[in-house]
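User: I am new to this structure and would like to learn how to read its features. Could you guide me step by step?

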Amino acid sequence: MVTKPVFYLDDPSVLPRLICRLTHLTDEQQGLDTSVTRVQVGSVEYKFMHELGHSNYDLDIPYKEGTELRPVTPSSSAPASPSSAAPDASQSPEPSDDERVFRYVREGYAKTLEDVWPRYCIKVGEEGREFLVAKPVSSAEELFGRGCNCYIAVDCTTGKLVWLKDSWRPVGERSTPEGEVLKAFADDPKMSVPTLICHGYVKQSGATFHGPT
């Protein structure tokens with residue numbers, strides 16, 4: 001955010017007044033996204049992210065046409081999700097009939113687990129569904145735009161790997177959230193769109209900080 005130019009010599013009090021007002025703002029009012037929290041090294045969530053990055057012969061599916069899939073008993077070879085491992089977790093794991101994942105997805109996720117890169121837990125939607133992310137797979141570098149970051153994230157509810165998009169809300173009031181578009185076409189047999197898990201805007205103190213995920 002910027003203001004109109006101010007000639008500082010005409011009014012030297014501008015800068016002190018600005019600093020004074022900024023110091024009276026809460027972290028949330030200054031732009032801190034309270035829906036995102038840091039995942040601490042050594043925590044249950046941190047360890048689970050590492051475990052999920054290891055290759056798994058029983059669950060990894062080669063990305064090749066005609067590959068014969070090995071039958072897998074639900075949850076027989078997959079690590080427990082952080083929701084079920086953490087005693088104070090507010091969400092309960094949902095039943096899953098298939099824990100398998102394409103091998104290239106797991107390999108791509110493993111590359112994001114850099115020790116020097118911080119990891120976060122992001123709450124999405126009105127229900128605050130939690131997702132764990134590390135280094136983004138792609139990140140917008142342009143000065144103008146919505147600053148979109150894309151992650152291979154861990155759904156804490158199911159323990160599965162999913163695709164998560166994090167972007168600033170569009171300025172235009174007529175813009176339809178991407179999640180609403182995916183939801184509208186989900187049941188159309190003529191369309192092939194990603195499966196929507198959840199989406200939503202992050203609203204804080206009357207402002208919105210990041211958009212559909």
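This is a predicted model: local features need pLDDT of at least 70, side-chain atom pairs count only at pLDDT 80 or more; totals for chains, interfaces and linings use all residues.

User: How many salt bridges does a search of the whole structure find?

Analyst: Side chains of opposite charge can pair when their charged atoms come close. A salt bridge here is a side-chain nitrogen of Lys or Arg within 4 Å of a carboxyl oxygen of Asp or Glu. The search finds five. One of them joins aspartate 155 and arginine 129, at 2.7 Å from N to O. This pair links distant parts of the chain, 26 residues apart: aspartate 155 is in strand 7 (residues 149-155) and arginine 129 in strand 5. Helices (H or I, at least four residues) and strands (E, at least two) are DSSP runs, numbered from the N terminus.

User: Are aspartate 155 and arginine 129 buried or exposed?

Analyst: Buried means under 20% relative accessible area, exposed means over 50%, and partly exposed lies in between (1.4 Å probe, protein chains only). Both aspartate 155 and arginine 129 are buried. Glutamate 114 and lysine 135 also form a salt bridge, at 3.2 Å from N to O. Glutamate 114 counts as partly exposed because its relative accessibility is 28%, and lysine 135 is partly exposed at 27%.

User: Where is threonine 112 found, and what is it in contact with?

Analyst: Threonine 112 is in the loop between helix 4 and strand 4. With a relative accessibility of 5%, threonine 112 counts as buried. A polar atom of its side chain lies 2.6 Å from the backbone oxygen of tyrosine 109. Contact means heavy atoms within 4.5 Å. Leaving aside neighbours within four places in sequence, threonine 112 is in contact with Ala134, Lys135 and Val137.

User: Which residues have the most contacts inside the largest nonpolar core?

Analyst: In soluble globular proteins, nonpolar side chains tend to be buried together. A nonpolar core is a set of buried Ala, Val, Leu, Ile, Met, Phe, Trp, Tyr and Cys residues joined through side-chain atoms within 4.5 Å. The largest has 16 residues, and those with the most contacts inside it are Met49, Leu52, Tyr109, Leu132, Val154 and Leu161. Helix 2 (44-52), helix 4 and strand 7 each give two or more residues to this core, with helix 2 giving the most, four residues.

Key: Residues are numbered from 1 along each chain as its sequence is written. Side-chain values use heavy atoms; hydrogens and water are left out. A polar contact is a pair of N or O atoms within 3.5 Å; within protein, one must be able to donate a hydrogen and the other to accept it, and residues adjacent in sequence count only if both atoms are side-chain atoms.
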